[in-house]
Amino acid sequence: MIRPAIFKFLILSILLLSFTACKTNTDNEAEKLARIYCGSCHQFTEPALLDQETWKNRVLPRMALRMGILPQDVKTQSLQDDYYLLSENDLLPNQPLVDQETWGKIRNYYLQKAPDSLPKPDQRVEELNLFTLKTPQINTGKLPAVTFIEHFNNYGTLITSFAGKKLWIDPDQKVPVSVDLIPKIVSHIEPLADQNLLVTFLGDVIRPDAPPSGLVATFTMEDNQLKSAIPLPLPPLYRPTQAFLAELDGREGNELVTCQFGFYQGSLSYWFRDESGKFIEQVIRREPGVLKAEAEDFNEDGLTDLMVLFAHGNERISLLINQGNGKFSEKMILQFPAVYGSSYFTRPDIDGDGLKDIVYTCGDNADLSPVPKPYHGVYIYLNQGNHKYEKVYHCPLNGAYKVVAEDFDLDGDLDLAAVGFFVDEAAPRGFIYLEQLPGFKFKAMTKDLDAMGRWIGITAGDIDQDGDKDIMLGNGYGLSGLDFSGDFKEDPGPPWIILENKSIDADNLAN
């Protein structure tokens, strides 16, 4: 005979097990729904990648809009603006993709599984002593707002400032040369023959939802002076981030490749001239978020292919394989969650095995989830052959925006240097140096530069011409509303700085 106390215990245990099983089934159903509907357009985003408040007030309401559901509990002006912009661009579904009950399960799944806050990365960083800081004795006259910085071996260093509307040429000289620009934002510069330049202008303003106003122009230069600037006869572009020339379709001469990041509209395209000289667009991919492309015959079939970073929504690095006649097939190389904020990639042979690898940064934190993220930073993906890559390294860096690879310490292997624009203001770190050690290990080091600016650009080159590679950082303060705070408002810092490499002493070389 079962005693009453034992009987009660058994009943409670059965009820508890039933409740647990029921809850487990409910959780499994909600996760399954989330994976189906939230992973249909991009890689499934785990709830743990954002904190609960960000999911609730910023991301989930926009997810609902994309599914054709008007959120009832978030009535902000920005959400209303998103609704109208989606409507104007014909991006709202004609009818909801899910019913209210299904959406409620998906929403609750994210809110229940999301953490209260994201963890802080535990990272040991040492002091960097390989470089000496040099600050230029120059001011843009306004906020720095550097939008482009690059050192070209056969040209020199080019820097553009949106606030000052200037193009600085060889700015490491004692008396830097500058050229006045039209009041548009420069996003990319490509050197052409005879010291001329192909200049990509993002548009009139940094705001992503502005009407298309980007353009591409050819600059005719002579003795570092601008003789003419001729816009190419293209329609207004959707926030183009890069334009370059490549031979893609077998016509005589090169085609113009454009990466239009856009916001709700964007594309990867190339343009060719018809018999009358008019530019005709051939769209390769019609989607927003096209950030950067590299042209190369990746499959060695005699046709030029494109490796492309898509950094909006379905974030990924893909190989667009040239099929001829303007057709391209896509092979996805790497895919990232939609909250990563992909910002850059480069292809050095980081492990010295003769194959080009991928070094990737994510850290664009300007839109729906502007919170410090432990997964932001620098990633290394080693080339395994046959267009397959394996992740082998991640260095945390909040707001990581760009990385360069050079043998800075002259020990025979490649090191990395990167900048982070969207720093954690509670513990800012906007620059990281990664020295490669034997056994393919990396030592993280930094210099205390965060009181001088918000670093959005980085480039490397032998600036002082002593045989080793120096580093230049571009100060993007003034390009984002996040910057207008604290001491920077009164003293925004220099437009750029130079980290002069001490591996080779220029004074000793001169003697």
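## Basis

The model is predicted, with local features requiring pLDDT of at least 70 and side-chain atom pairs counting only at pLDDT 80 or more, while totals for chains, interfaces and linings use all residues. Numbering runs from 1 along each chain as its sequence is written, and side-chain values use heavy atoms, leaving out hydrogens and water.

## Whole chain

The chain contains five helices and 29 strands; these are DSSP runs numbered from the N terminus, helices being H or I of at least four residues and strands E of at least two. Of its 511 residues, 50% count as buried (buried is under 20% relative accessible area, exposed over 50%, partly exposed in between, with a 1.4 Å probe and protein chains only).

Among contacts between residues at least 6 apart in sequence, 50% join residues at least 24 apart; contact means heavy atoms within 4.5 Å.

## Helices α2 and α4

Two packed helices are described by the angle between their axes and the distance between the axes. The axes of α2 (residues 52-66) and α4 (residues 100-113) come within 10 Å and cross at roughly 155 degrees. That makes α2 roughly antiparallel to α4 (angles over 145 degrees count as roughly antiparallel, under 35 as roughly parallel, 65 to 115 as roughly perpendicular and the rest as oblique). Axes are lines fitted to C-alpha atoms, for helices over the stretch in contact, with angles from 0 to 180 degrees between N-to-C directions.

From α2, Gln 52, Trp 55, Lys 56, Leu 60, Met 63 and Ala 64 meet Trp 103, Arg 107, Tyr 110 and Leu 111 of α4. By class, this contact has seven nonpolar, one polar and two charged residues (Ala, Val, Leu, Ile, Met, Phe, Trp, Tyr, Cys and Pro are nonpolar; Asp, Glu, Lys and Arg charged; the others, Gly among them, polar).

## Thr 102

Thr 102 also lies in helix α4. Thr 102 is buried, at 15% relative accessible area, and touches Leu 33 and Tyr 37, not counting residues up to four places away in sequence.

## Positive phi

Most residues other than glycine have a negative phi. Asp 223, not a glycine, has a positive phi of about 55 degrees. Asp 223 sits in the loop between β9 (215-222) and β10 (225-231) and is exposed, with a relative accessible area of 71%.

His 387, also not a glycine, has a positive phi of about 60 degrees. The loop between β21 (377-385) and β22 (388-396) holds His 387, which is partly exposed at 23% relative accessible area.
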